[in-house]
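Subject: Structure for your review

Dear colleague,

Please find below the structure that I am handing over to you.

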Amino acid sequence: MSFRGKILCGIAGAAMLVGNAAYSNTVDLDYQGNHAFGSPFYAETVHRTINGDTKHVWAGLFRLTDGIRDILAFCIQPNVWLNVNEDYSTTATAASADQLMNIDKLYTSAFDQVNSKATAAGFQLALWEIMVETGTSNGFDLGSGDHTVNASQAAFSAGNMFLAGLAGASTGGYDLTTYVNSGQNLVSGDKRNELPAISAVPLPMSAWMLLAALAGLLGLRRRKFA
């Protein structure tokens, strides 16, 4: 199976999800490496059933780039092929207000735990669950409802754990950006209030020589007035 242009996700939502205004309206995304999941490879194959329709698909973390910065993204539109051969819009995509709120909660409470194939697949499964099952009175569960999953035990457990955490989760931990074209709609998140690490910058040799000269002059001045 070739990865380029053939990564299948899930099903479209309804209303509009506004993208992050910090980005331009049109973005050209491509793979960071030879395929959409890049390296390290955080993805697993799963059997996912939506309203009785079962598909064997990849679930995991896309590693993409806009040519300037690396982007970690997930699919929010199942049953559509990934299409990096077409520019993406960052203005809006298919998702309801409830779906947006739960995606925000999922990122805020669980994205920091995505550190392996199983957790990345679980995060993606949780996103699909949010897109398909929003409004259910029974809560989110990958084992029941309109969206069910047959996956590795680790991915299945991670997805259900992330979904269970939504009940007490807050929002606003990440600035979310959506990417939309005729293929899959994608979402990525940048953590808020995270300052870059500040490291010590070594002084050049000329600066050390200047400091030594100043110290010498100060010593002479002290001896003169002693």
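**The three-stranded sheet**

An open sheet is formed by three strands in the order β5-β4-β10, with antiparallel pairing. Strands here, of at least two residues (E), and helices, of at least four (H or I), are DSSP runs numbered from the N terminus, and two strands pair if DSSP finds at least two bridges between them. The edges are taken by β5 and β10 (147-150), each of which has a single partner strand, so one side of each is left without a neighbour in the sheet. From one strand to the next, the twist averages 35°. Eight bridges join β4 and β5 in the antiparallel sense, and Glu 44 has Ala 59 in β5 as its bridge partner. Helix α2 packs on this sheet and touches β4, β5 and β10, its direction making about 135° with that of β5. Such angles run from 0 to 180 degrees between N-to-C directions, with axes fitted as lines to C-alpha atoms, for helices over the stretch in contact; contact means heavy atoms within 4.5 Å.

**Basis of the model**

The model is predicted: local features need pLDDT of at least 70 and side-chain atom pairs count only at pLDDT 80 or more, while totals for chains, interfaces and linings use all residues. Residues are numbered from 1 along each chain as its sequence is written, and side-chain values use heavy atoms, with hydrogens and water left out.

The predictor's confidence in each residue, pLDDT, runs from 0 to 100. Its mean over the protein chain is 82, and 72% of the residues reach 70 or more. Two stretches deserve a note. Over residues 10-23 pLDDT stays under 50, and the model has 51 contacts beyond four places in sequence for them. Over residues 196-201 pLDDT also stays under 50, with zero contacts beyond four places in sequence. Where pLDDT is low, the predicted coordinates should not be read in detail.

**The chain as a whole**

The protein chain contains four helices and twelve strands. Of its 226 residues, 44% count as buried, that is, under 20% relative accessible area; exposed means over 50% and partly exposed in between (1.4 Å probe, protein chains only). Of the contacts with a separation of 6 or more, 75% are between residues 24 or more positions apart.

**The five-stranded sheet**

Five strands make up another open sheet, in the order β3-β6-β7-β12-β11, again with antiparallel pairing. Its edge strands are β3 (30-31) and β11 (174-179), each pairing on one side only. Three bridges connect β7 with strand β12 (residues 186-191) in the antiparallel sense, and Phe 74 stands opposite Val 187 in β12. Helix α2 (residues 117-133) packs on this sheet as well, touching β7 and β12, and its direction makes about 50° with that of β7. Helix α1 (residues 97-110) lies across β7, β11 and β12 and runs at about 125° to β11.

Asp 70 belongs to strand β7 (residues 70-75). Its relative accessibility is 55%, so Asp 70 counts as exposed. Beyond four places in sequence, Asp 70 touches Gln 32, Leu 64 and Thr 65.

**Aromatic rings**

There are 13 aromatic pairs in the structure. Rings of Phe, Tyr and Trp (its six-membered ring) pair if their centres lie within 6.5 Å; planes under 30 degrees apart count as stacked, over 60 as edge-to-face and the rest as tilted. Phe 41 and Trp 58 form an edge-to-face pair, because their ring centres are 5.6 Å apart and their planes stand at 90°. Phe 41 lies in the loop between β3 and β4 (43-50) and Trp 58 in strand β5 (residues 53-60), 17 residues apart. With 25% relative accessibility, Phe 41 counts as partly exposed.

The rings of Phe 111 and Phe 123 are also edge-to-face, since their centres are 5.8 Å apart and their planes at 75°. Both Phe 111 and Phe 123 are buried. Ring pairs join Phe 74, Tyr 107, Phe 111, Phe 123, Phe 162 and Tyr 174 into a cluster.

Yours sincerely
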